[in-house]
Amino acid sequence: MNHCSTSRTSPSRNAFTMIELVVAASIMIALMSVVTSLTFRIHGVWQDTNQQRLATWAVSSELERITSLPTDEIATALDQLQASAELQNMLPEPEWSGEFLDDELGPRVALRLNWKRRHPGIPLELVGWVLSTDTEEETSP
């Protein structure tokens with residue numbers, strides 16, 4: 001007796017189907033958009049950090065210069081605070097402010113630097129005590 005086989009054979013899966021290609025493309029597009037978004041955010045954070053570092057350097061340098069002046073010249077130096085050309089190239093729209101404080105803690109200078117940031121922020125402020133250059137050392141005979 002001749003027996004015919006009625007079993008079906010499954011076709012070979014050697015190629016991708018169209019649905020698999022669409023799913024793979026969708027996943028790739030989603031991953032690329034996430035990576036691109038993260039790259040832009042990281043770049044922004046790097047810029048903010050760099051601006052903060054440069055501002056700290058500028059305020060620290062200026063504070064060191066002003067606190068080493070004689071006490072009677074400090075008010076004039078604070079009135080003449082201006083952003084240098086180098087600082088204007090490094091920070092967008094830098095603005096200086098400062099004040100001389102003399103109370104129970106001693107004479108000190110408070111300097112603030114503000115600039116146009118991408119987000120709201122408080123000015124960078126450093127305080128330094130004035131070096132006592134007015135006192136003369138006593139010499140014993």
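The structure holds five salt bridges, a salt bridge being a side-chain nitrogen of Lys or Arg within 4 Å of a carboxyl oxygen of Asp or Glu. This is a predicted model, in which local features need pLDDT of at least 70 and side-chain atom pairs count only at pLDDT 80 or more, while totals for chains, interfaces and linings use all residues. Residues are numbered from 1 along each chain as its sequence is written, and side-chain values use heavy atoms, with hydrogens and water left out.

One of the salt bridges joins the side chains of Arg65 and Glu62, with 2.5 Å from N to O. Both residues lie in helix α1, three residues apart, which is about one turn of the helix. Helices (H or I, at least four residues) and strands (E, at least two) are DSSP runs, numbered from the N terminus. Glu62 counts as buried, at 19% relative accessibility, and Arg65 is partly exposed, with a relative accessible area of 39%. Here buried means under 20% relative accessible area, exposed means over 50%, and partly exposed is in between, using a 1.4 Å probe and protein chains only.

Two further salt bridges involve Arg112. In the bridge between Glu99 and Arg112, the closest N and O atoms are 3.4 Å apart. This pair links distant parts of the chain, with Glu99 in strand β1 (residues 95-103) and Arg112 in strand β2 (residues 106-114), 13 residues apart. Arg112 also forms a salt bridge with Glu125, and there the closest N and O atoms are 3.1 Å apart. Glu125 lies in strand β3 (residues 124-129) and Arg112 in strand β2, so this pair ties together parts that are 13 residues apart in sequence. Glu99 is partly exposed at 35% relative accessibility, and Glu125 is partly exposed at 41%.

These strands belong to a protein with three helices and three strands, arranged along the sequence in the pattern α-α-α-β-β-β. Of its 141 residues, 23% count as buried.

Helix α1 also contains Gln47, which is partly exposed with a relative accessible area of 34%. The C-alpha atoms of Gln47 and Arg118 are separated by 9.7 Å, although the two residues are 71 residues apart along the chain.

A nonpolar surface patch of about 400 Å² is made by Ile19, Val23, Ile27 and Leu31, and Leu31 is placed in helix α1. Patches are made of residues with over 30% relative accessible area and no salt bridge; like charges are joined within 9 Å, and nonpolar side chains (Val, Leu, Ile, Met, Phe, Trp, Tyr) within 5 Å. Accessible areas come from the Shrake-Rupley method with a 1.4 Å probe, and for residues only the protein chains shown count as cover.

A pocket is an open set of points on a 1 Å grid over the protein atoms alone, where a 1.4 Å probe fits, with protein on both sides within 12 Å along at least five of seven lines; lining residues have an atom within 4 Å of a point. Among the lining residues are Trp57, Glu62, Leu87 and Trp96. The elements that give two or more residues to this lining are α1 (18-67) and α3 (85-90), and α1 provides the largest share, four residues. The lining divides into seven nonpolar, three polar and two charged residues.

Key:
Ala, Val, Leu, Ile, Met, Phe, Trp, Tyr, Cys and Pro count as nonpolar, Asp, Glu, Lys and Arg as charged, and the others, Gly among them, as polar.
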